[in-house]
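User: I have a model open and would like to talk through how its parts pack together. Can you take me through it piece by piece?

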Amino acid sequence: MKELLLTPESFRLDGRLWLQGPTDRFMGIGRLELLGHIAETGSISKAAQAMGMSYKKAWDLVSSMNAQVNTPLVSTQTGGSHGGGTVLTPAGRQVLEVFGAAQVRFQEFIRQETERLLG
């Protein structure tokens, strides 16, 4: 295939991996990144800000993920001496680890296939 392209070095395979539920996307790279930022910051608001996303959009994504599982991925606490916060549950940490590893494998697959087709 390489010989068919005018500038094969400027081509690469690309793609996205996501887990689709029966009615909505459950997990993809954006949702994975959001979970990672929530884990780091302890805040949906700060996670949204880090991603350049509105708080409402981040909250909608968290609500969508939580609605599709038996155990919520994200837990929020309101009030308290520190103003509440947000944490990943053990299930959330599991999804972050497992889907994160799947993303790494997927990117390696894309790299290998690009090399096979164009290398």
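Analyst: Helix 1 and helix 2 pack with their axes 8 Å apart and at an angle of about 125 degrees, where axes are lines fitted to C-alpha atoms, for helices over the stretch in contact, and angles run from 0 to 180 degrees between N-to-C directions. That angle makes helix 1 oblique to helix 2, given that angles under 35 degrees count as roughly parallel, over 145 as roughly antiparallel, 65 to 115 as roughly perpendicular and the rest as oblique. This is a predicted model, in which local features need pLDDT of at least 70 and side-chain atom pairs count only at pLDDT 80 or more, while totals for chains, interfaces and linings use all residues. Residues are numbered from 1 along each chain as its sequence is written, and side-chain values use heavy atoms, with hydrogens and water left out.

User: Which hand is the crossing of helix 1 and helix 2, left or right?

Analyst: The crossing of helix 1 and helix 2 is right-handed; a crossing is right-handed if the near helix is turned clockwise from the far one by less than a right angle, and left-handed if anticlockwise.

User: And which residues of helix 1 and helix 2 meet?

Analyst: From helix 1 they are Gly30, Glu33, Leu34, His37, Ile38 and Thr41, and from helix 2 they are Ile44, Lys46, Ala47, Ala48, Ala50 and Met51, with contact meaning heavy atoms within 4.5 Å. These residues divide into 7 nonpolar, 3 polar and 2 charged, where Ala, Val, Leu, Ile, Met, Phe, Trp, Tyr, Cys and Pro count as nonpolar, Asp, Glu, Lys and Arg as charged, and the others, Gly among them, as polar.

User: OK, next pair: at what angle do helix 2 and helix 3 cross?

Analyst: The axes of helix 2 (residues 44–51) and helix 3 (residues 55–67) cross at roughly 115 degrees and come within 9 Å, and the two helices are therefore roughly perpendicular to each other. Their crossing is right-handed. Ile44, Ser45 and Ala48 of helix 2 meet Tyr55, Ala58, Trp59 and Val62 of helix 3, a contact with 6 nonpolar residues, 1 polar and no charged ones.

User: What about helix 1 against helix 4?

Analyst: The axes of helix 1 (residues 29–41) and helix 4 (residues 90–118) come within 10 Å and cross at roughly 135 degrees, so these helices are oblique to each other, and the crossing is left-handed. Helix 1 contributes Ile29, Leu32, Leu35, Gly36 and Ala39, while helix 4 contributes Gly92, Val95, Leu96, Phe99, Gly100 and Gln103. By class, that contact has 7 nonpolar, 4 polar and no charged residues.

User: What is Arg31 in contact with?

Analyst: Leaving aside neighbours within four places in sequence, Arg31 is in contact with Asp24, Arg25, Phe26, Leu61, Ser64, Met65 and Gln68. The C-alpha atoms of Arg31 and Leu61 are separated by 7.0 Å, although the two residues are 30 residues apart along the chain.

User: And where is Leu19 found?

Analyst: Leu19 is in strand 1 (residues 19–20), and with a relative accessibility of 45% Leu19 counts as partly exposed. Not counting residues up to four places away in sequence, Leu19 touches Arg25, Phe26, Met27 and Phe99. Leu19 and Phe99 are 80 residues apart in sequence but 9.0 Å apart in space, C-alpha to C-alpha.

User: Zooming out, how many helices and strands does the chain have?

Analyst: The chain has 4 helices and 4 strands, which are DSSP runs (H or I of at least four residues for helices, E of at least two for strands) numbered from the N terminus. From the N terminus on, the order is β-β-α-α-α-β-β-α.

User: What does the C-alpha trace span?

Analyst: Along its principal axes, the C-alpha trace spans about 65 × 30 × 25 Å. Buried residues make up 33% of the 119 residues in the chain.

Note on methods
Buried means under 20% relative accessible area, exposed over 50%, partly exposed in between (1.4 Å probe, protein chains only).
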